[in-house]
Amino acid sequence: RLLTVTGVQTCALPIFDAILTGVADHGSGAPSCAAARLALSGNRQSVSAAVAAGVLAVGDDHGGAGYGCMELIAAGVQRMKSDGLSYDAAAMAMVTEARAAGQRLAGFGHRVHKTDPRTGILFDLARRGGVAGDGIAFVEALERAIAAAVKPLPINIDGALAAVLHDMGFHPVFGRLVFIIGRKIGRAHV
């Protein structure tokens, strides 16, 4: 079932639930978790200060990959349409350009998993919910292009949420916002 939130078509709540669950805390070493715990240890009366400290730890390097990947997807899909390229051709061009500039592509790689298990779940939910579109197709093309040009790097949770949120019609900045929301839900146990 689809619902409309401020004019944006979104999928059923299970997909959004899965996104929030996927970005919730994954250990006390994450900057947003560590900052919240440290702030709370200094002032047990101010849980709000601890939550705020966690939010303030989110930036380009921690929590910003979803936003960066959503921008990458939007640029890639636009390039496909304007230049008449296939998903694979546009993805390979972007990977080649990123390598030449020494840039890392947000949303790929995982320090533990060869395949991020959250990605398959999100993509399956999006496909079953009728949401999957250019975002998922382009991110999968990027994964193939990265494997061919660099080495196999899986689509991680940031790349998966970016693709699904793109297909749901959200602006790239929502990629960062949804990370913050998910981390705050995870922070409820602090």
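Reader: Hi! Leaving aside neighbours within four places in sequence, which residues is His 110 in contact with?
Author: Hello! His 110 is in contact with Asp 116, Arg 118 and Pro 154. Keep in mind that this is a predicted model.

Reader: Good to know. Where is His 110 found?
Author: Look at the loop between helix H5 (87-101) and helix H6 (117-128); His 110 is found there.

Reader: How far is His 110 from Leu 153, C-alpha to C-alpha?
Author: Their C-alpha atoms are separated by 7.4 Å, while along the chain the two residues are 43 apart.

Reader: Let me step back a bit. What does the secondary structure of the protein chain come to?
Author: It comes to nine helices and two strands. Starting at the N terminus, the order of elements is β-β-α-α-α-α-α-α-α-α-α.

Reader: How much of the protein chain counts as buried?
Author: The figure is 45% of its 190 residues.

Reader: What about contacts between residues 24 or more positions apart?
Author: Taking the contacts with a separation of 6 or more, 76% are between residues 24 or more positions apart.

Reader: Okay, on to helix packing. At what angle do H4 and H8 pack?
Author: The angle is about 50° between helix H4 (residues 65-83) and helix H8 (residues 157-167), and their axes are 8 Å apart. The two helices are therefore oblique to each other. H4 passes H8 in a right-handed crossing.

Reader: Which residues meet there, H4 with H8?
Author: From H4 there are Ala 65, Gly 66, Cys 69, Met 70, Ile 73, Ala 74 and Val 77. On the H8 side they meet Asp 158, Gly 159, Leu 161, Ala 162, Ala 163, Leu 165 and His 166. By class, this contact of H4 with H8 has ten nonpolar residues, three polar and one charged.

Reader: How do H1 and H8 pack, then?
Author: Helix H1 (residues 13-23) and H8 pack at about 155°, with axes 10 Å apart. H1 and H8 are therefore roughly antiparallel to each other, and their crossing is left-handed.

Reader: Which residues of H1 and H8 meet?
Author: Ile 15, Ile 19, Gly 22 and Val 23 in H1 come up against Ile 157, Leu 161, Val 164 and Leu 165 in H8. Seven residues of this H1 and H8 contact are nonpolar, one is polar and none is charged.

Reader: And how far apart are the axes of H7 and H8?
Author: They are 7 Å apart, with an angle of about 150°. That makes H7 roughly antiparallel to H8. In H7, Asp 134, Gly 135, Ile 136 and Val 139 do the meeting; their partners in H8 are Gly 159, Ala 163, Val 164, His 166 and Asp 167. This contact of H7 with H8 is made of four nonpolar, three polar and two charged residues.

Reader: What lies in the loop between H7 and H8?
Author: Asn 156 is one of the residues in that loop. Asn 156 is buried, because its relative accessible area is 7%, under the 20% cut-off. Apart from neighbours within four places in sequence, Asn 156 is in contact with Gly 107, Phe 108, Gly 109, Asp 116 and Thr 119.

Reader: New topic: which residues of helix H3 are buried?
Author: In H3 (residues 47-56) they are Ala 50, Ala 53 and Gly 54. They cover an arc of only 100° around the axis, so they sit on the same side of H3.

Reader: Why would residues three or four places apart point the same way?
Author: An α-helix has 3.6 residues a turn, so residues three or four places apart point the same way.

Reader: What is on the face of H3 turned away from its buried side?
Author: That face carries the exposed residues Ser 48 and Leu 56.

Reader: Last one: where is the place of Met 80, and what does Met 80 touch?
Author: Met 80 is in helix H4 and counts as buried at 9% relative accessibility. Not counting residues up to four places away in sequence, Met 80 touches Leu 85, Ser 86, Tyr 87, Ala 90 and Phe 138. Met 80 and Ala 90 are ten residues apart in sequence, and C-alpha to C-alpha they are 5.8 Å apart in space.

Conventions. Residues numbered from 1 in each chain as written. Predicted model: local features only at pLDDT ≥ 70, side-chain atom pairs only at ≥ 80, totals over all residues. Heavy atoms only, no water. Axes fitted to C-alpha atoms, helices over the stretch in contact; angles between N-to-C directions. Helix = DSSP H or I, 4+ residues; strand = E, 2+ residues; numbered from the N terminus. Parallel < 35°, antiparallel > 145°, perpendicular 65-115°, else oblique. Left-handed = near helix turned anticlockwise from the far one by under 90°. Contact = heavy atoms within 4.5 Å. Nonpolar A, V, L, I, M, F, W, Y, C, P; charged D, E, K, R; others polar. Buried < 20%, exposed > 50% of the residue type's maximum accessible area, 1.4 Å probe, protein only. Arc of directions from axis to C-beta.
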